[in-house]
Amino acid sequence: MFYRILVTDDNSEYRQSIIELLQLEGFDVIEAPNGKQALELTRTQKPDLILCDVDMPGMDGFTVLAEVKADPATNHIPFFLVTGRTDAESLRLGNTLGADDYLLKPMNIDVLLMKIEQYLPKGKQTE
């Protein structure tokens with residue numbers, strides 16, 4: 001099986017476009033429309049990497065990040081926050097909570113793939 005990436009975004013069109021691009025690159029992609037489902041899938045599906053929108057109703061991406069990093073069973077999973085926020089406070093909060101990267105919307109797919117490659121080297125597969 002290939003690397004599994006969890007894509008979490010409340011905007012279904014944006015989420016689907018990212019999913020399609022990642023699938024074309026050969027990734028196994030699972031999706032969540034909100035933070036609560038993202039946590040559930042993280043615990044049950046054990047993705048190899050998480051892409052998570054920051055601004056979502058209910059549970060935002062910062063809360064999802066804090067929960068994932070606080071759990072010894074999931075804290076090793078690379079976590080990329082994805083957002084339109086460009087303020088220093090949001091970036092600082094993401095870093096403090098343990099985000100592995102912070103990507104600005106709209107994402108450049110080449111940049112996204114380059115950053116994923118840093119955490120999930122090509123040629124290696126998940127179990």
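Hi everyone! Let me begin with one term: two strands count as paired if DSSP finds at least two bridges between them. Keep that in mind as we look at this model, which is a predicted one.

Let's start with strand β1, residues 4–8, and strand β2, residues 28–32. They pair in the parallel sense, over 5 bridges.

Now, β1 has another partner. Strand β3 runs parallel to β1, and 4 bridges join them. Here you can look for Ile5, whose bridge partner in β3 is Leu49.

Let's stay with β3, residues 49–53, for a moment. Are its residues buried or exposed? Buried means under 20% relative accessible area, and 5 of the 5 residues in β3 are buried, so the strand is largely enclosed by the rest of the structure. In a regular strand, side chains alternate between the two faces of the sheet. In β3, both faces are covered: Leu49, Leu51 and Asp53 are buried on one side, and Ile50 and Cys52 are buried on the other.

Finally, β3 also pairs with strand β4, residues 79–83; these run parallel and are joined by 4 bridges. Together with helix α3, residues 61–70, β3 and β4 make a right-handed β-α-β unit.

Terms used. Residues numbered from 1 in each chain as written. Predicted model: local features only at pLDDT ≥ 70, side-chain atom pairs only at ≥ 80, totals over all residues. Heavy atoms only, no water. Helix = DSSP H or I, 4+ residues; strand = E, 2+ residues; numbered from the N terminus. Buried < 20%, exposed > 50% of the residue type's maximum accessible area, 1.4 Å probe, protein only. Right-handed = clockwise from strand over helix to strand, strands pointing away.
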